[in-house]
Amino acid sequence: PGPHAVVIRRPMMPGVVGVEGTPEGHDTIPGDKAIAYLESRGRKAAVEYLRAIKRASEGYTYKGSGTKLTANRVVWGETVVAIMKELAKTGQHKNSLFIDCDLEGSTGMKLVRQAFPECFISGGVMERGNFSAAAGFGFTGEKQGVFATFSAFLEMIISEITMARMNKANVLCHFSHSGVDDMSDNTCHFGLNNWFADNGLELGDMTRLYFPADFHQMKAVTEAVFGHKGLRFIFSTRSKAPNILTPDGTADLFSPQAGYRFVPGKDDLVREGTAGYIVSFGDELYRCLDAVERLGEEGIRVGLVNKCTLNVVDEEMIQKIGKSGFVLVAETFNRKTGLGARFGTWLLERGLAPRFAHVGTHRDGCGGHWEHHAFQGYDPASIIAKVKDLLRQ
């Protein structure tokens, strides 16, 4: 009588030498190990197929951004470690507990484990339990839980987010692999519905969503919000992103050397415009910047706004762009649940009625890495076409 449970315990990827029993079994199998396994099974055709594959290149030069391609998901980990080292001088680093979901190498958490193992827990593949544990640690005083996983798995913990918010827990979350860029896994791993985290009641809610555009801004955002109260969600992509340049191309726009300081809730004016404005964020910003630069060469001066703090209206900026000829929201999130799904409402609530359009992810993936951009209609060529369509209306 009574409840019973059966637990089957076995290593992941049995029989795959070098992968069996390791977290690599939860990820893409390295080519050399896959080939060795297939050879041991006599799968010659599969081996020949893998060896014949050549890495494809986009072969496109983006204007307005530099060549410092950087993985922001790793920069998050590096920045957190630097912050913890400063806190360790006074023992305050023990106020943060990091809980990983078996993805430490992909989210930057591995760097934290290596530097501060006493503040780290390898929680395994159980997002709901791990987030709840992080929220429990951040329930009292100056403590905070720090949680990380892929953005596709944010949807697993909606209820836990609500409970953490109601209990006024302090949790800093890093959700990598946002959007669709470089996501050959297709729709099952797309990070599309990140806005589901912003599900609290409006009055007094301190939940904040951040999606930095390059490595400078990732560092600035993480440093700025690490010690804040409440629930903070920082998003990054699987792919690397280039550095965003100043209008004259002589410096990195979001670098301290250019005088940049991140202010939560404030949008960044990346380029001034007269015809209208594009609003974007994250990895989509550099694609929009390329479109803006190419439109400028045609004599069409379009402005660009970086909305790094996603879920807070910058009243000054929305008045500025809302009085222009058009507003185009371009994002890699789900068109049905992303920024564009609410930005039009924000404009109308303030009596602003520019021509409006919205592009974002709206189709299931069909393989590829950078090919997703054009497939979803938010590559520079598609942005340029959409702007010209708005100008014709």
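# Close-up views of a predicted model

About 50 Å³ of space lies in the largest cavity.

**View 1. The largest cavity and the residues around it.** Searching the whole structure turns up one cavity of 30 Å³ or more. Its lining is made by D267, V279, V305, K307, V313, D314, M317, I318, I321, F343 and W346. Two elements give two or more residues each to this lining: α10, which covers residues 315-322, and α11, which covers 340-349. With three residues, α10 gives the most. Sorted by class, the lining of the largest cavity has eight nonpolar residues, three charged residues and no polar ones.

View 2. Are the two partners buried or exposed? K266 is partly exposed, because its relative accessible area is 31%. D314 counts as buried, because its relative accessibility is 5%, and buried means under 20%.

**View 3. The largest pocket.** Now to an open space: the largest pocket has a volume of about 1400 Å³. It is lined by 45 residues, and the closest to its centre are R55, A56, D182, R238 and H369. The elements that give two or more residues to the lining of this pocket are α1 (31-40) and α4 (104-107). Which of the elements gives the largest share of the lining? That is α1, with three residues. By class, the lining of the largest pocket holds 17 nonpolar, 17 polar and eleven charged residues.

**View 4. A salt bridge between R113 and E104.** Here the side chains of R113 and E104 come together in a salt bridge, with 2.8 Å between N and O. R113 is partly exposed, as its relative accessible area is 30%. E104, in contrast, is buried: its relative accessible area is 16%, and the limit for buried is under 20%.

View 5. How many salt bridges does a search of the whole structure find? The search finds 22. One of them joins E86 and K89, whose closest N and O atoms are 3.0 Å apart. K89 counts as exposed because its relative accessibility is 62%, and exposed means over 50%.

View 6. Y49, L50 and I53 make a nonpolar surface patch of about 310 Å². L50 lies in helix α2, which covers residues 44-52.

**View 7. F196 and I158, brought together.** F196 is found in the loop between β4 (171-176) and β5 (208-210). F196 and I158 are 38 residues apart along the chain, yet their C-alpha atoms are separated by 7.1 Å. F196 counts as partly exposed, with a relative accessibility of 31%.

View 8. Most residues other than glycine have a negative phi. M13 has a phi near 55°, a positive value in a residue other than glycine. M13 is found in the segment before α1, and at 25% relative accessibility it counts as partly exposed. D102 is not a glycine either, although its phi is positive, at about 70°. D102 lies in the loop between β1 (96-100) and α4.

How values were computed. Residues numbered from 1 in each chain as written. Predicted model: local features only at pLDDT ≥ 70, side-chain atom pairs only at ≥ 80, totals over all residues. Heavy atoms only, no water. Patch = residues over 30% accessible without salt bridge, like charges linked within 9 Å, V, L, I, M, F, W, Y side chains within 5 Å. Areas by Shrake-Rupley, 256 points an atom, 1.4 Å probe, with all protein chains shown as cover. Salt bridge = Lys/Arg side-chain N within 4 Å of Asp/Glu carboxyl O. Helix = DSSP H or I, 4+ residues; strand = E, 2+ residues; numbered from the N terminus. 1 Å grid on protein atoms, 1.4 Å probe; cavity = no way out; pocket = protein on both sides within 12 Å on 5 of 7 lines; lining within 4 Å. Points joined across faces, edges and corners; volume = space filled by probe spheres on them. Nonpolar A, V, L, I, M, F, W, Y, C, P; charged D, E, K, R; others polar. Buried < 20%, exposed > 50% of the residue type's maximum accessible area, 1.4 Å probe, protein only.
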